[in-house]
Amino acid sequence: MEQDLPGGARLIVGVDESPASRWALAWAIGAARLHRMALIAVHVSRAPVHPFPEALPVQHAVRLGEEARCAEVVGAAFDDVAGGVPDDLRTAVVARVGDPGYHLVDLAREGDLLVLGRGRRGLLSRIFLPSTSMYCARHARTTVVIVQQPSAPDDPDMSGERHRRFWSRRHP
């Protein structure tokens with residue numbers, strides 16, 4: 001599902017099911033209102049598909065099903081963040097299947113603003129799944145804003161109190 005994309009300065013935001021993505025979408029809505037930019041919400045599914053889906057009818061159906069699911073993910077994100085798609089913004093929804101970093105960089109052109117969320121990831125996730133935000137920061141031809149997911153208030157890393165390593169020397 002891809003609507004006609006608006007012209008002029010655009011704000012492209014990557015959306016998925018993560019909490020960091022919700023923070024990025026909220027930031028993007030505010031920035032789009034402030035700078036009067038069109039907002040393009042993009043969800044890219046990593047579902048494995050054949051590079052030529054038209055050759056295999058089953059793969060074509062899988063791609064269409066994934067693109068429909070992408071639209072649902074974006075709609076749910078807008079509902080969670082803003083109570084639905086904001087009426088005061090020009091918005092478009094783009095659903096793609098493949099590598100998220102590649103498609104986000106492909107959509108962003110000079111003069112656009114690309115917004116991504118970055119959450120906390122575990123060791124296995126960092127090893128086996130490449131970082132979409134880092135890929136976009138390296139390859140995009142436009143400005144990239146990476147919105148860090150805030151930590152929980154009871155998270156000891158952000159409490160303001162630094163913990164010393166067990167081998168460090170304590171000073172009075």
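Is Glu17 buried, exposed or partly exposed? Glu17 is partly exposed, at a relative accessible area of 48%; buried means under 20%, exposed over 50% and partly exposed in between (1.4 Å probe, protein chains only). The model is predicted: local features need pLDDT of at least 70, side-chain atom pairs count only at pLDDT 80 or more, and totals for chains, interfaces and linings use all residues. Residues are numbered from 1 along each chain as its sequence is written, and side-chain values use heavy atoms, with hydrogens and water left out.

**View 1. Overview of the chain.** The chain holds 5 helices and 5 strands, in the sequence order β-α-β-α-β-α-β-α-α-β. Helices (H or I, at least four residues) and strands (E, at least two) are DSSP runs, numbered from the N terminus. Of 172 residues, 38% are buried. Among contacts (heavy atoms within 4.5 Å) between residues at least 6 apart in sequence, 78% join residues at least 24 apart.

**View 2. Helix α3 and its surroundings.** Helix α3 (residues 100-107) is largely enclosed by the rest of the structure, because 6 of its 8 residues are buried. These buried residues are Pro100, Gly101, His103, Leu104, Val105 and Leu107. They pack against strands β1 (10-14), β2 (38-45), β3 (91-97) and β4 (113-118), and against helix α5 (132-139).

**View 3. Salt bridge Asp112 to Arg10.** The whole structure contains 5 salt bridges, each a side-chain nitrogen of Lys or Arg within 4 Å of a carboxyl oxygen of Asp or Glu. In the bridge between Asp112 and Arg10, the closest N and O atoms are 2.8 Å apart. Asp112 lies in the loop between α3 and β4 and Arg10 in strand β1, so the pair ties together parts 102 residues apart in sequence. Asp112 is buried at 2% relative accessibility, and Arg10 is buried at 3%.

**View 4. Salt bridge Arg69 to Glu17.** The side chains of Arg69 and Glu17 form a salt bridge with an N to O distance of 3.0 Å. Arg69 belongs to helix α2 (residues 57-82) and Glu17 to the loop between β1 and α1 (19-35), 52 residues apart. Arg69 is partly exposed, at 32% relative accessible area.

**View 5. Salt bridge Asp80 to Arg22.** Asp80 and Arg22 form a salt bridge, their closest N and O atoms being 3.1 Å apart. Asp80 is in helix α2 and Arg22 in helix α1, so the pair ties together parts 58 residues apart in sequence. Asp80 is exposed, with a relative accessible area of 56%, whereas Arg22 is buried, with 19%.
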